[in-house]
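Please keep the model open while you read this note. Each point can be checked by eye.

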Amino acid sequence: MQSAPGGVIPAYVAFGANLGEPVETLRAAAVALGRRAGVELVAGSPIYRTRPIGPPGQPDYANAVARVATAHEPEVLLDVLHAVEAEFGRVRDVHWGPRTLDLDLIWYAGEERADERLTVPHPRAHEREFVLRPLADLDPDLVLGGRRVRDWLAGLDPQGVEPTGAALM
(Lines give C-alpha, C1' and ligand atoms only; values in the text may rest on other atoms or scores of the structure.)
Protein backbone atom coordinates (compact mmCIF):
# COMPACT_ATOMS: atom_id res chain seq x y z
CA MET A 1 0.00 0.00 0.00
CA GLN A 2 1.15 3.49 -0.76
CA SER A 3 1.57 5.96 2.06
CA ALA A 4 0.70 9.58 1.55
CA PRO A 5 3.66 11.94 1.55
CA GLY A 6 4.05 13.94 4.72
CA GLY A 7 2.41 11.44 7.08
CA VAL A 8 -1.08 11.62 8.53
CA ILE A 9 -3.92 13.06 6.46
CA PRO A 10 -7.38 14.02 7.77
CA ALA A 11 -10.49 12.59 6.12
CA TYR A 12 -14.18 12.09 6.87
CA VAL A 13 -16.04 8.85 6.19
CA ALA A 14 -19.84 8.47 6.17
CA PHE A 15 -21.33 5.22 7.54
CA GLY A 16 -24.77 3.89 6.64
CA ALA A 17 -26.70 0.64 6.99
CA ASN A 18 -30.34 -0.48 6.97
CA LEU A 19 -30.24 -4.29 7.04
CA GLY A 20 -29.83 -6.48 10.11
CA GLU A 21 -29.01 -4.44 13.21
CA PRO A 22 -27.81 -1.17 11.62
CA VAL A 23 -26.64 0.64 14.78
CA GLU A 24 -24.58 -2.34 15.88
CA THR A 25 -23.26 -2.76 12.33
CA LEU A 26 -22.03 0.85 12.22
CA ARG A 27 -20.23 0.47 15.53
CA ALA A 28 -18.64 -2.82 14.49
CA ALA A 29 -17.63 -1.32 11.13
CA ALA A 30 -15.96 1.59 12.93
CA VAL A 31 -13.92 -0.89 14.98
CA ALA A 32 -13.04 -2.88 11.84
CA LEU A 33 -11.97 0.27 9.99
CA GLY A 34 -9.85 1.42 12.93
CA ARG A 35 -8.01 -1.91 12.91
CA ARG A 36 -6.86 -1.43 9.32
CA ALA A 37 -3.24 -0.42 8.80
CA GLY A 38 -2.87 3.25 7.97
CA VAL A 39 -6.27 4.29 9.36
CA GLU A 40 -6.97 5.73 12.80
CA LEU A 41 -10.46 6.71 13.91
CA VAL A 42 -10.11 10.09 15.61
CA ALA A 43 -13.77 10.89 16.39
CA GLY A 44 -17.23 9.55 15.70
CA SER A 45 -20.55 11.35 15.48
CA PRO A 46 -23.85 10.40 17.04
CA ILE A 47 -25.82 7.84 15.03
CA TYR A 48 -28.97 9.07 13.31
CA ARG A 49 -32.06 7.26 11.99
CA THR A 50 -32.88 8.32 8.44
CA ARG A 51 -35.73 7.69 6.04
CA PRO A 52 -34.37 5.79 3.03
CA ILE A 53 -33.69 7.30 -0.37
CA GLY A 54 -34.36 4.97 -3.26
CA PRO A 55 -36.70 2.04 -3.81
CA PRO A 56 -39.78 2.03 -1.53
CA GLY A 57 -40.31 -0.50 1.22
CA GLN A 58 -36.82 -0.31 2.70
CA PRO A 59 -36.20 -0.10 6.44
CA ASP A 60 -34.83 3.14 7.88
CA TYR A 61 -31.09 3.69 7.81
CA ALA A 62 -28.64 4.30 10.60
CA ASN A 63 -26.09 6.96 9.60
CA ALA A 64 -22.98 8.46 11.18
CA VAL A 65 -19.68 10.08 10.24
CA ALA A 66 -16.15 9.43 11.48
CA ARG A 67 -13.11 11.66 11.36
CA VAL A 68 -10.10 9.56 10.42
CA ALA A 69 -6.38 10.13 10.19
CA THR A 70 -4.84 8.14 7.38
CA ALA A 71 -1.47 7.50 5.82
CA HIS A 72 -3.13 6.44 2.56
CA GLU A 73 -3.70 8.21 -0.70
CA PRO A 74 -7.46 8.64 -1.34
CA GLU A 75 -7.70 5.71 -3.79
CA VAL A 76 -6.07 3.39 -1.27
CA LEU A 77 -8.38 4.62 1.48
CA LEU A 78 -11.33 3.96 -0.85
CA ASP A 79 -10.04 0.39 -1.34
CA VAL A 80 -9.87 -0.01 2.46
CA LEU A 81 -13.47 1.23 2.78
CA HIS A 82 -14.63 -1.24 0.13
CA ALA A 83 -12.80 -4.07 1.89
CA VAL A 84 -14.57 -3.26 5.17
CA GLU A 85 -17.92 -3.13 3.33
CA ALA A 86 -17.19 -6.57 1.85
CA GLU A 87 -16.31 -7.88 5.31
CA PHE A 88 -19.86 -6.91 6.36
CA GLY A 89 -21.49 -8.58 3.35
CA ARG A 90 -22.04 -5.51 1.16
CA VAL A 91 -23.48 -6.40 -2.24
CA ARG A 92 -23.83 -3.71 -4.92
CA ASP A 93 -26.88 -4.85 -6.87
CA VAL A 94 -29.63 -2.20 -6.47
CA HIS A 95 -28.80 1.50 -6.82
CA TRP A 96 -29.79 3.21 -3.54
CA GLY A 97 -31.16 -0.11 -2.38
CA PRO A 98 -30.94 -1.67 1.08
CA ARG A 99 -27.46 -2.52 2.31
CA THR A 100 -25.63 -4.16 5.14
CA LEU A 101 -23.03 -1.38 5.15
CA ASP A 102 -22.16 1.67 3.08
CA LEU A 103 -18.92 3.59 3.64
CA ASP A 104 -18.33 6.77 1.64
CA LEU A 105 -15.25 8.95 1.55
CA ILE A 106 -16.85 12.36 2.07
CA TRP A 107 -13.82 14.63 2.41
CA TYR A 108 -10.08 14.08 2.07
CA ALA A 109 -7.64 16.79 3.24
CA GLY A 110 -9.59 19.54 1.48
CA GLU A 111 -8.80 17.95 -1.88
CA GLU A 112 -11.19 18.60 -4.77
CA ARG A 113 -11.14 16.15 -7.63
CA ALA A 114 -13.40 14.07 -9.81
CA ASP A 115 -12.42 11.11 -11.92
CA GLU A 116 -14.11 7.89 -12.96
CA ARG A 117 -13.20 6.16 -9.69
CA LEU A 118 -13.40 8.82 -6.99
CA THR A 119 -14.91 12.26 -6.42
CA VAL A 120 -14.00 14.26 -3.32
CA PRO A 121 -15.68 15.91 -1.70
CA HIS A 122 -18.49 13.42 -2.20
CA PRO A 123 -20.66 14.87 -4.99
CA ARG A 124 -24.00 14.73 -3.11
CA ALA A 125 -22.87 15.15 0.50
CA HIS A 126 -23.99 18.79 0.60
CA GLU A 127 -27.55 17.75 -0.36
CA ARG A 128 -28.00 15.08 2.28
CA GLU A 129 -28.97 15.80 5.85
CA PHE A 130 -27.92 12.27 6.86
CA VAL A 131 -24.34 13.23 5.95
CA LEU A 132 -24.33 16.90 6.94
CA ARG A 133 -25.92 16.52 10.38
CA PRO A 134 -23.35 14.03 11.76
CA LEU A 135 -20.55 15.86 9.93
CA ALA A 136 -21.66 19.10 11.61
CA ASP A 137 -21.48 17.34 14.97
CA LEU A 138 -17.78 16.76 14.32
CA ASP A 139 -16.76 19.88 12.39
CA PRO A 140 -19.45 22.45 11.52
CA ASP A 141 -16.84 24.80 10.01
CA LEU A 142 -15.41 22.21 7.62
CA VAL A 143 -15.51 23.56 4.07
CA LEU A 144 -17.26 21.20 1.70
CA GLY A 145 -17.72 22.28 -1.89
CA GLY A 146 -16.90 25.92 -1.13
CA ARG A 147 -19.22 26.35 1.89
CA ARG A 148 -19.11 25.48 5.55
CA VAL A 149 -21.01 22.34 6.58
CA ARG A 150 -23.17 24.39 8.97
CA ASP A 151 -24.24 26.66 6.09
CA TRP A 152 -25.17 23.75 3.81
CA LEU A 153 -27.16 22.19 6.65
CA ALA A 154 -28.99 25.44 7.46
CA GLY A 155 -30.17 25.65 3.84
CA LEU A 156 -31.68 22.16 3.67
CA ASP A 157 -35.31 21.27 4.21
CA PRO A 158 -35.69 18.51 6.85
CA GLN A 159 -35.18 15.05 5.37
CA GLY A 160 -36.34 12.76 8.17
CA VAL A 161 -33.08 12.54 10.13
CA GLU A 162 -33.53 11.84 13.85
CA PRO A 163 -31.05 11.11 16.65
CA THR A 164 -30.99 7.53 17.96
CA GLY A 165 -29.24 8.35 21.22
CA ALA A 166 -26.36 6.07 20.20
CA ALA A 167 -22.85 7.09 19.17
CA LEU A 168 -20.53 5.60 16.57
CA MET A 169 -17.65 5.33 19.01
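Predicted model: local features only at pLDDT ≥ 70, side-chain atom pairs only at ≥ 80, totals over all residues.

1. Start with helix α1, residues 22-34. Helix α1 has 13 residues. From its first C-alpha to its last, α1 reaches 18 Å. That is close to the 18 Å expected at 1.5 Å a residue.

2. Which residues of α1 are buried? They are P22, T25, L26, A29, A30, A32 and L33. Look down the axis of α1: these buried residues fall within an arc of 165°, so they line one face of the helix. An α-helix has 3.6 residues a turn, so residues three or four places apart point the same way.

3. What covers that buried set in α1? The cover includes four strands: β1 (9-17), β2 (39-44), β3 (46-50) and β4 (61-70). Helix α2 (74-87) is also part of the cover.

4. Now take α2. Its 14 residues should span 20 Å at 1.5 Å a residue, and its end C-alpha atoms are 20 Å apart, which agrees. The buried residues of α2 are P74, V76, L77, L78, V80, L81, V84 and E85. These residues pack against α1 and against the strands β1, β2, β4, β5 (102-108) and β6 (113-114). After α2 comes G89, with a positive phi near 80°.

5. How do the two helices meet? Two packed helices are described by the angle between their axes and the distance between the axes. The axes of α1 and α2 come within 10 Å and cross at roughly 135°. That angle makes α1 oblique to α2. The crossing of α1 past α2 is right-handed. On the α1 side, the contact is made by A29, A32 and L33. On the α2 side, V80, L81, V84 and E87 make the contact.

6. Is L33 buried or exposed? L33 has a relative accessible area of 0%, so it is buried. Setting aside neighbours within four places in sequence, L33 is in contact with F15, V39, L41, V68, V80, L81 and V84. L33 and L103 are 70 residues apart in sequence, yet their C-alpha atoms are 10.0 Å apart in space.

7. Two backbone details deserve a check. First, a cis peptide bond joins V120 and P121, with omega at about -5°. Second, A109 has a positive phi, near 50°, although A109 is a residue other than glycine. A109 is found in the loop between β5 and β6. With a relative accessible area of 40%, A109 is partly exposed.

8. Two residues share one loop. L156 is in the loop between α4 (149-154) and β10 (161-167). P158 lies in the loop between α4 and β10 as well. How exposed is L156? At 23% relative accessibility, L156 counts as partly exposed. The cut-off matters here: buried means under 20% relative accessible area. P158, at 74% relative accessibility, counts as exposed.

9. Apart from neighbours within four places in sequence, L156 is in contact with H126, E127, R128, E129 and L132. The C-alpha atoms of P158 and E129 are separated by 7.3 Å, and the two residues are 29 residues apart along the chain. L156 and A14 are 142 residues apart along the chain, and their C-alpha atoms are separated by 18 Å.

10. Finish at M169, in the segment after β10. At 51% relative accessibility, M169 counts as exposed. Still, M169 has partners. Leaving out neighbours within four places in sequence, M169 is in contact with L41, V42, A43 and G44. M169 and G44 are 125 residues apart along the chain, and their C-alpha atoms are separated by 5.4 Å.

Note on methods: Residues numbered from 1 in each chain as written. Heavy atoms only, no water. Expected span 1.5 Å × (residues − 1). Buried < 20%, exposed > 50% of the residue type's maximum accessible area, 1.4 Å probe, protein only. Arc of directions from axis to C-beta. Contact = heavy atoms within 4.5 Å. Axes fitted to C-alpha atoms, helices over the stretch in contact; angles between N-to-C directions. Parallel < 35°, antiparallel > 145°, perpendicular 65-115°, else oblique. Left-handed = near helix turned anticlockwise from the far one by under 90°.
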